[in-house]
Amino acid sequence: MVTLSKDTPQAFSEAGDSPFLEGFALRDFTTATGVRIRFAMAGSGPALLLIHGHPQTHVTWRKIAPALARRYTVVAPDLRGYGDSDKPEGGPDHVNYAKRAMAADLAELMAALGQPRYAVVGHDRGARVAHRLALDHPQAVSRVALFDIAPTATMYARTDKEFATRYFWWFFLIQPYPLPERLIEADPEFFLRKHIDGQNKIAGATEPAAFAEYLRCYLDPRTRHAICEDYRAAAGIDLQHDEADRDQRISAPVLALWGGRGTVGALYDVLQTWREKALDVRGRALDCGHTLQEELPEDVLAELDQFLAD
């Protein structure tokens with residue numbers, strides 16, 4: 001049963017059982033700034049926060065969350081702008097989609113759940129939120145696992161033709177409103193399918209039901225606009241925050257995992273990039289593409305079991 005901590009008055013509401021994460025209940029939490037966050041929760045034991053990336057939702061954890069819930073209190077939210085969470089306007093400099101704002105949502109959620117300290121697992125955009133969460137709320141984050149990313153500032157600073165070709169959406173989605181929104185509107189399903197199929201290297205990893213759920217969310221023009229705002233923030237205000245914190249390091253232990261058949265491992269020494277940002281880094285490549293938790297869930301569980309138990 002979810003209850004509020006005595007110091008946090010924001011209300012929770014029930015949203016039924018999760019159709020994708022077995023044994024999980026869906027709930028909504030409204031932050032102090034009025035942003036409603038949908039999340040799935042189950043289990044008992046130490047708290048574990050799972051943060052999805054683009055173009056997924058919390059449903060991306062469906063293959064590993066039930067197993068983790070046997071040992072942990074697992075919380076899997078939809079980031080603001082994604083899934084069934086609220087989609088606020090971007091604001092000046094896209095500040096409402098800064099990773100700092102997205103991380104603050106989740107820090108407030110976990111505090112309201114009575115979880116002052118927790119481990120974090122993030123994939124893709126969610127790993128970038130996890131990076132900021134670990135910097136802004138170091139007292140709350142005990143461990144952090146980052147899936148298939150190098151630091152945002154590092155990737156932009158080292159941009160070359162190969163990266164711009166492989167990750168073209170980093171440069172397409174940041175174009176001023178409404179250019180990318182209008183172009184994707186012409187055929188959202190085609191764009192989403194090309195994105196997911198291009199990044200996954202194990203066929204069938206995103207099964208039809210999961211793809212249909214991602215598409216349900218992607219068909220909402222508010223979601224597509226929020227996603228563009230997320231990327232616009234990453235190319236602007238997030239870089240400003242990163243520059244201001246360039247001498248700060250993640251103090252929690254870091255596990256970096258990446259797809260050995262994907263872009264990040266091909267273009268970067270992933271462990272070295274994170275050793276420039278954190279004090280304690282370990283990790284390795286897995287034999288898959290970008291979406292590790294969907295492509296090789298058993299391997300991911302084995303890595304997390306060891307890392308979280310250390």
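Modeller: Helices are DSSP runs of H or I with at least four residues, strands are runs of E with at least two, and both are numbered from the N terminus. This is a predicted model, in which local features need pLDDT of at least 70, side-chain atom pairs count only at pLDDT 80 or more, and totals for chains, interfaces and linings use all residues. Residues are numbered from 1 along each chain as its sequence is written, and side-chain values use heavy atoms, with hydrogens and water left out.

Biologist: Where does Glu181 lie?

Modeller: Glu181 is part of helix 7, which covers residues 179-185.

Biologist: And is Glu181 buried or exposed?

Modeller: Glu181 counts as buried because its relative accessibility is 8%, where buried means under 20% relative accessible area, exposed over 50% and partly exposed in between, with a 1.4 Å probe and protein chains only.

Biologist: Which residues is Glu181 in contact with, leaving aside neighbours within four places in sequence?

Modeller: Those are His225, Cys228 and Arg232, contact being heavy atoms within 4.5 Å.

Biologist: Changing topic, which helices each supply at least two residues of the lining of the largest cavity?

Modeller: They are helix 2 (99-112), helix 3 (125-136) and helix 11 (237-244), and helix 3 gives the largest share, 4 residues.

Biologist: How does that lining divide by class?

Modeller: The lining of the largest cavity has 7 charged, 3 polar and 1 nonpolar residues; Asp, Glu, Lys and Arg count as charged, Ala, Val, Leu, Ile, Met, Phe, Trp, Tyr, Cys and Pro as nonpolar, and the others, Gly among them, as polar.
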